[in-house]
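Take a look at the chain below.

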Amino acid sequence: MITSNLFRALPVGSSEDEYFDPEDDEPHLEPAWPHIQMIYELLRRFVVSTDPEPKVVKKYIDARFVLALMDLFDSEDPREREYLKTILHRIYGKIMTLRPFIRKAIMNVFQRFVYETFRHNGVAELLEILGSIINGFAVPLKDEHKDFLRKCLIPLHVPKSLPTYHVQLSFCVTQFVEKDPTLSVDVVKGLIKFWPVTHSRKEVMFLNELEEILELTRPEEFYAVLDILFKQIAKCIESPHFQVAERALFFWNNEYIVNLIVRFKDDVVRLVYGALRRNAEGHWNSNVHSLSFNVQKLLSEMEPELFYACEESYEEDEQYRNVSYVDWNVVSDYALEARDNIQRIAHEVNGDSPDNSSFVNLAPLGTISEEDPNPTEETAEEAESWRDTGGGGGGGGG
């Protein structure tokens, strides 16, 4: 009865529309929900109940049954997905032999979503189940679980629908780092690899998640990613979008991250000084301007000598850029002078006055005679010498 009523082809809903926005647009609700809800409630009570013997449960809830449930997670109706989430979570906790299969099935759904379809309605609910599953992983983590993080969870940051499930995804990733801090290196590198370029809202989300990961990162892992990490943070500090710049500057309000920065201040100050200086001098947003100045002040108090050394290096680089700019102006002046000389020579050849036109007036091309109209003795001797050496024959043969 359950399989006959629940396992069905889902209707083609609004999610197939290219312009559908799952955050703003209303989803397509299941028309037969009052009937389907009774079936889901019956299944939920059966799974939750402790009365049926485990052998009986395993007889009817097998791998095929689980796969059919997984297909239903793509339903647009949030009420149906909520039931599915509860039922699948109970099945995972009750039937231990199905646990590896359920994890593998969830991984397949995510990878198909990331690399093929780019659309799936149940990613957030599946991540909620995973959050509970990851919380129960034993320490040390198995290689299988670490691969799940690297090959499945980190690539989930790529799709443009990330805002609909980022909270759940961030929780899952954080759970992994809490259990194994060495994974913070993989997570930070993955975030920077998939860092958004033109999506400011996703950038803010990445920065939020990055701060949570850094709070769980030990000094040795922090040093391993320090260079690429603060190069990216420096780019965010200079972002023209004020929310991205503000969120990057708020890293210096986190006490634990500041303590890590103090331990490796020589490298950090060198990487971010230029971005802070340019922001403090000319960012359009007054709040970003003020925050940049405050961070500069914090770094100068942290290590005055290092800060002033970076200041001198920055000013030298700016002088070099200015000199290069002046050199290009000189080249431009030479080019203009050369153009004027060419125009003057062209006017002299044409017999025109240079003041008549500012453009080069070239004479129309006419027929070129093979013989010089006014041959001189020297040119005649050269032509005779050329014929004697067989130049004409060589030219014809070519």
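**Starting inside**

Ile91 touches Val47, Ile61, Phe65, Val66, Leu69, Leu98 and Ile102, leaving out residues up to four places away in sequence. Contact here means heavy atoms within 4.5 Å. This is a predicted model: local features need pLDDT of at least 70, side-chain atom pairs count only at pLDDT 80 or more, and totals for chains, interfaces and linings use all residues. Residues are numbered from 1 along each chain as its sequence is written, and side-chain values use heavy atoms, without hydrogens and water.

Ile91 is part of the largest nonpolar core, which has 103 residues. Such a core is a set of buried Ala, Val, Leu, Ile, Met, Phe, Trp, Tyr and Cys residues joined through side-chain atoms within 4.5 Å. Ile91, Leu127, Leu130, Leu153, Phe230 and Trp252 touch the most other members. In soluble globular proteins, nonpolar side chains tend to be buried together.

Now step back to the chain. It has 20 helices and 0 strands. These are DSSP runs, numbered from the N terminus: helices are H or I with at least four residues, strands are E with at least two. Of the 398 residues, 41% are buried. Buried means under 20% relative accessible area, exposed over 50%, and partly exposed in between (1.4 Å probe, protein chains only). Among contacts between residues at least 6 apart in sequence, 70% join residues at least 24 apart.

Where does Glu212 lie? Glu212 sits in helix α11, residues 200–214. Glu212 is partly exposed, because its relative accessible area is 35%. Beyond its neighbours within four places in sequence, Glu212 is in contact with Ser170 and Thr174. Glu212 and Phe171 are 41 residues apart in sequence, yet 9.5 Å apart in space, C-alpha to C-alpha.
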